[in-house]
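Me: I would like a close look at one part of this protein: the charged side chains and what they pair with. Please keep to what the model shows.

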Amino acid sequence: MTAVPHPAKPDQPPRPAEDRRHMIRRRALTLLTIVLLIGIPAGYLVISANQSRDSGRDKEAKYSATGLTAGWPSKVQRRLYQVPIPHPADRIAYYETNNWKTSRLYVQFGTTAAGLDAFLTGMGVTRGDLRKGDVTIGARDQKVSGWKFPDDGRWWGLAHRQKNPAPTQDVVVNLSNPDHVMVYVVSRTVP
């Protein structure tokens, strides 16, 4: 058997030993690479997990609420239930209930006389449709929302009935201070 000749290696001088500065620089670059490739994505994962957990807690609090919650209902809720809250408005609170038969949105807010007119116009009614002493929000809805409308003559109300699938709204307004009125609305729709 004949041996296969191997090509001759060119004469290379031996590599000099690595000096300390070069070794430190190489290790620093290796560490930086590890941080960039592993540390940053891991940091994003931690931040994302915290945001997701916080979002879940916010949703849990929102959907476990058992009464009015301060703040604006979402634009989708306002559009679906046709509750055009005017600007300016304050003391805004809402609560939504849903079941297989009926969905309801309870909304209260304070506004100016012009804001009341804008709200009523947005619903398709006028101030002339309000009737003095007519509390159109029933006892069941008052109990759910926590509202009380004593029989003292300061309440004006209207029931805005619409054909399905449009919602039906019951509105009660406190006009004791004409410059700053309180509006209470129960809008219900059948899914």
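Reply: What follows goes through the salt bridges one by one and then turns to an arginine in a loop. The model is predicted. The count of salt bridges comes to 7.

Among them is the pair of R127 and D117, whose side chains meet at 2.9 Å, N to O. R127 sits in the loop between α3 (113-123) and β4 (131-132) and D117 in helix α3, so this pair ties together parts that are 10 residues apart in sequence. R127 counts as partly exposed because its relative accessibility is 33%, and D117 is partly exposed at 32%.

Another salt bridge joins D134 and R131, with the closest N and O atoms 2.4 Å apart. D134 has 22% relative accessibility, so it counts as partly exposed; R131, at 44%, is partly exposed as well. Salt bridges that share partners also link R104, R140 and D141 into one network.

R91 and D90 form a salt bridge too, the closest N and O atoms being 4.0 Å apart. D90 is partly exposed, with 33% relative accessibility.

R161 is found in the loop between β5 (155-160) and β6 (168-174). With a relative accessible area of 54%, R161 is exposed. The side chain of R161 makes a polar contact with the side chain of D170, at 3.1 Å. Leaving out residues up to four places away in sequence, R161 touches T168, D170 and R188. The C-alpha atoms of R161 and S187 are separated by 10.0 Å, and the two residues are 26 residues apart along the chain.

Conventions. Residues are numbered from 1 along each chain as its sequence is written. This is a predicted model: local features need pLDDT of at least 70, side-chain atom pairs count only at pLDDT 80 or more; totals for chains, interfaces and linings use all residues. Side-chain values use heavy atoms; hydrogens and water are left out. Helices (H or I, at least four residues) and strands (E, at least two) are DSSP runs, numbered from the N terminus. Buried means under 20% relative accessible area, exposed over 50%, partly exposed in between (1.4 Å probe, protein chains only). Contact means heavy atoms within 4.5 Å. A polar contact is a pair of N or O atoms within 3.5 Å; within protein, one must be able to donate a hydrogen and the other to accept it, and residues adjacent in sequence count only if both atoms are side-chain atoms.
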